[in-house]
Amino acid sequence: MEPIFAILVGALFTVAIYLFLSKHIIRILMGAAILGNAVNLLIFTAGRVTREVPPIISGDASALTEAAANPLPQALILTAIVISFSFFAFLLVLGYRAFQELGTDNSDEMRLAEPVGEPAPPTGY
């Protein structure tokens, strides 16, 4: 099962990087969302995908007697889901406000800080 997830993680990273290289803000935002999902799946796969018992120690035992699922990757994934969703929501609002102010979603047309018609700054010393 892990090789299938590894291929899927590679495909998601590839799609995310391809979308990041786009000129349109909405595609860049979708790349950020896909990248977050790829990272979550990577952490999940690194924690081994096995169906084991939950890591609960009974009241009369002092340690686990059999193999148990590792709770750390699950906790990391839950944290990563919350962080990636909030980051995506922030980027979505930022992109929407930029579209409202500038009237375009093309990142090449959003260069207000660069003066038009003036020579470029020096590239070296």
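What follows is a conversation about how to read a predicted model of one protein chain.

Colleague: What is the radius of gyration of the chain, and what would a compact globule of 125 residues have?

Modeller: The chain has a radius of gyration of 22 Å, whereas a compact globule of 125 residues would be near 14 Å. The box filled by its C-alpha atoms, taken along the principal axes, is roughly 80 × 35 × 30 Å.

Colleague: What share of the residues counts as buried, and how much accessible surface does the chain have?

Modeller: A residue is called buried when its relative accessible area is under 20%, and in this chain 18% of the 125 residues count as buried. The accessible surface comes to about 9500 Å², and 68% of that surface belongs to carbon and sulfur atoms.

Colleague: How far apart are the mean positions of the positive and negative charges?

Modeller: The chain has 6 positive and 10 negative charges, and their mean positions are 5 Å apart.

Colleague: How is a pair of aromatic rings described, and how many such pairs does the count give here?

Modeller: A pair of aromatic rings is described by two quantities, the distance of the centres and the angle of the planes. Here the count comes to one aromatic pair. Its rings belong to Phe5 and Phe44, with centres 6.1 Å apart and planes at 75°, and because an angle over 60 degrees counts as edge-to-face, the pair is edge-to-face.

Colleague: Which parts of the chain does the pair tie together?

Modeller: Phe5 lies in helix 1 (residues 2-20) and Phe44 in helix 2 (residues 25-46), so the pair ties together parts that are 39 residues apart in sequence. Phe5 counts as buried, at 17% relative accessibility, while Phe44 is partly exposed, with a relative accessible area of 34%.

Colleague: What share of the contacts between residues at least 6 apart in sequence joins residues at least 24 apart?

Modeller: Among those contacts the share is 54%.

Colleague: Where is Val93 found, and is Val93 buried or exposed?

Modeller: Val93 is found in helix 3 (residues 71-102), and at 52% relative accessibility Val93 counts as exposed.

Definitions and conventions:
Residues numbered from 1 in each chain as written. Predicted model: local features only at pLDDT ≥ 70, side-chain atom pairs only at ≥ 80, totals over all residues. Heavy atoms only, no water. Rg over C-alpha atoms; globule rule 2.2 N^0.38 Å. Buried < 20%, exposed > 50% of the residue type's maximum accessible area, 1.4 Å probe, protein only. Contact = heavy atoms within 4.5 Å. Areas by Shrake-Rupley, 256 points an atom, 1.4 Å probe, with all protein chains shown as cover. Lys, Arg positive; Asp, Glu negative; His and termini not counted. Charge placed at Lys NZ, Arg CZ, Asp CG, Glu CD. Phe/Tyr/Trp six-rings, centres within 6.5 Å; stacked < 30°, edge-to-face > 60°. Helix = DSSP H or I, 4+ residues; strand = E, 2+ residues; numbered from the N terminus.
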